[in-house]
Amino acid sequence: MLLPPLLMAAIVYACEITILSIGFTMTYLTAKIPNFAHGTYAGYGIYVNYTISKIFGLNPYISFPVAFLVGGSIGTIVYMLVIGVLTKMGSGAIVLTISTIAIDIFLTAILYIYAYWLRSVYHTYTIQFILKERDIQLWGVPGIFYVSLGICIVTVILLHTFLTKTRIGVSMRAVAEDPELASVLGIDVYRTQLYSWFLTGGLAALAGAMYPMWFQSNPSSGAFIITSIMAGSLLGGMESVYGAIVGGFGVGLSEILLTNRLQATFGIWVGEYRPLIPMFFLIAVLLIQPRGLQGAYEWLTTSRKGIELLSKLGIKVEG
Amino acid sequence: MLAVIGSSVAAITGMSRLIVDIAMYFGLFVIVAMALNFQYGNAGIPNFGCAVQVIVGGFTVSGITLRLAYWLVEKAGIQLLPYQTAYDWLYNSQLNVVAVNNYLKTHPLLGVSLLLFSIAVAMVLGAVIGWVISVPAIRLRATYLMITLITMADASQIFGRNIPYICGGTLGIWIPNVFAWYPGDRGVITAVVTLAIGLICFFIFRTMLNSPYGRLMRAIRENEVTCLSVGKNVVGIRRNILMFASAITAIPGVMTAYYYSYVVDAMYQRAYWTYWSWLMLILGGPGNNAGTFLGCALVIAMRRVIIVYKWFFDKILFFPISYFEQILLGVLLIVVMIFRPDGLIPEKLLYIPGVNYTKLVRERVKVDWRTAPKMKFAGKRRFSLKFWRR
Amino acid sequence: MVLFWVMVAIWVFMPAFIVYEEIKERRALAEIEKAEASEE
């Protein structure tokens with residue numbers, strides 16, 4: 001069975017956006033702020049992959065765990081040095097969000113400087129590159145297709161187990177629900193926050209490491225996909241990790257497939273407007289149902305009108 | 001193309017060129033920063049869409065005023081090259097603008113009225129944008145609003161880049177010189193006009209902030225529920241503030257277009273207009289105009305000096321200096337937010353104790369999680385009635 | 001060149017005026033506080 005390359009690209013992209021959206025939602029849940037630097041962690045993943053596979057000449061898949069660790073440590077350092085300090089000082093959500101924007105600018109600039117340094121030392125193209133040719137081929141399909149789908153599914157399953165079965169995961173959910181109550185119950189809120197920032201940073205960099213295997217990358221491509229991440233997270237309702245899985249996958253798929261579909265209908269010029277698709281999702285969700293799919297699901301299952309609509313469609317709601 | 005722009009601006013040379021440049025940028029950014037101070041510092045609305053309003057000002061000049069100028073000059077009997085199709089609009093832009101400039105040289109009244117017309121239209125369009133922003137702003141949480149506004153700035157830039165009828169797509173479009181009647185340097189008179197507009201804006205904002213309306217704004221910032229309970233229309237006041245400040249923010253876009261005689265979407269990046277203006281506001285201290293001016297002057301002087309000495313840095317560094325500038329922006333923002341939460345000039349006479357940074361990093365949790373992520377300066381910054389009763 | 005100096009004048013005038021007002025305001029505030037302290 002051979003899928004068309006376009007669909008494969010869409011699936012790879014959707015997997016990346018899904019993983020990033022999960023991380024974005026987890027940050028929003030635990031720290032109550034949208035982390036604008038989340039896309040830039042992915043940029044670090046891209047450059048870890050580039051350094052390992054192009055400069056050291058190793059298999060690009062070796063870089064994935066390294067990217068996870070690098071992204072996780074960046075997330076932890078960011079929380080320890082900036083976000084945690086500002087939280088301890090009692091800053092509000094607006095100040096914290098501005099600080100994530102500042103971190104985003106700072107990290108992107110560091111990444112650019114790193115890329116220029118690599119260029120001046122190794123004399124290769126480091127600003128615009130694609131690592132597709134370093135990928136392995138399995139049955140005529142690039143390996144990243146299987147790997148990204150596998151990582152996405154495994155991440156979702158592991159995360160579900162982690163959040164429902166392990167002690168740290170449960171305490172993380174408790175902190176997300178109510179930090180005050182959690183600290184009363186003896187949960188170390190600060191340490192739980194650190195774990196959550198490590199996990200989100202690591203997942204973001206892992207998704208970033210997959211990015212250059214199929215798509216053209218530059219130091220700011222991580223910061224560029226933040227709109228898609230936010231759209232995916234917002235579509236999922238911003239307050240549920242499971243919503244983010246659906247939302248991220250939907251936005252990622254539709255961004256590529258819808259652009260292609262529209263290009264076939266209206267002409268090639270539509271491609272320039274591709275960044276508008278996640279923005280369209282964003283604004284549509286905010287105007288129609290600010291709580292996203294989660295809110296829509298609750299509306300369908302609990303309100304009278306929603307149940308009527310479902311019964312018209314022939315679906316019966318229990319309870 | 002850049003060489004052409006450079007030579008047209010650099011009529012005054014050397015040190016006075018730098019002074020004019022700094023004055024111009026100070027005038028542009030002080031208007032944006034004052035409007036931001038009006039919205040965030042005094043009314044507590046986090047407007048992250050400054051770039052949207054500035055871009056509207058720029059697009060007004062390139063999309064509306066330029067066509068009006070062509071039409072008026074053609075009415076006066078001067079033959080212009082065709083400009084109806086996208087191709088002609090772009091490729092005859094330079095020659096057409098030269099013809100228009102020759103005509104404007106002898107008609108100062110037309111030049112001034114074109115300038116006033118573009119400022120008026122930009123203000124109306126900016127107010128419309130402010131109204132559009134305020135519709136979701138009333139319903140949404142502050143963080144959602146920030147996300148929406150930042151993406152809106154990107155979206156407007158994409159439209160500008162891809163629709164040549166607005167501002168010439170990626171190539172950009174030339175703008176007639178409305179100060180062609182002035183025999184001296186164009187940069188100086190543009191800077192004077194911008195600074196004069198800034199002065200007028202400053203007096204308007206000052207009067208508004210010292211009026212009962214300004215006190216009401218600060219009351220809403222401090223406690224929304226109390227204002228609602230005494231029968232104030234909080235939603236309507238917020239909408240008015242956003243519309244007014246957005247209208248003012250559109251003016252720097254117009255003046256930038258006339259300063260460069262050129263409009264392209266890359267001039268109005270959100271990193272440039274939104275983030276640097278926010279740094280100015282936070283560095284100086286939100287809530288008072290003195291802080292805004294100080295922050296603006298410091299940041300602009302630093303940036304222009306870095307850009308002027310770019311040739312020197314490029315020799316010793318292996319990367320473009322602009323990334324160092326970005327690092328400076330990020331680090332400055334975070335440092336100011338941690339060590340000076342109220343800016344260099346705090347809003348009121350409040351003693352700000354020193355912050356022990358290493359202790360804050362190492363310290364184990366001692367946070368009141370009830371209030372930490374929700375309220376700003378809970379209990380620290382208060383609305384002192386004493387101050388306003390006098 | 002006249003306009004150049006006009007520009008510099010406006011440019012200097014704005015901050016100077018603000019600083020003047022700020023100082024005036026703070027002085028008035030300090031006086032009020034002193035008066036209130038003496039009343040008590």
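**A chat about chains A and B**

Guide: Just after helix 4 of chain A, A:His123 takes a positive phi of about 55°. This is a predicted model, where local features need pLDDT of at least 70 and side-chain atom pairs count only at pLDDT 80 or more. Residues are numbered from 1 along each chain as its sequence is written.

Visitor: Okay, and is helix 4 of chain A mostly covered or uncovered?

Guide: Mostly covered: 22 of the 30 residues of helix 4 of chain A are buried. Buried means under 20% relative accessible area, with a 1.4 Å probe and protein chains only. A helix here is a DSSP run (H or I, at least four residues), numbered from the N terminus.

Visitor: New topic: where is A:Ser171?

Guide: A:Ser171 is found in helix 6 (residues 167-177) of chain A. A:Ser171 is also buried, with a relative accessible area of 11%.

Visitor: And which residues is A:Ser171 in contact with?

Guide: Leaving aside neighbours within four places in sequence, A:Ser171 is in contact (heavy atoms within 4.5 Å) with A:Ile187 and A:Thr192.

Visitor: What about the two chains, how much area is buried between chain B and chain A?

Guide: About 5200 Å², and carbon and sulfur atoms give 75% of that. Buried area is the accessible area (1.4 Å probe) that two parts lose on being put together, summed over both.

Visitor: Which helix gives the largest share of chain B's side?

Guide: Helix 7 of chain B, with 13 residues on the side that touches chain A.

Terms used: Chains lettered and ligands numbered in written order. Heavy atoms only, no water. Helix = DSSP H or I, 4+ residues; strand = E, 2+ residues; numbered from the N terminus. Buried < 20%, exposed > 50% of the residue type's maximum accessible area, 1.4 Å probe, protein only.
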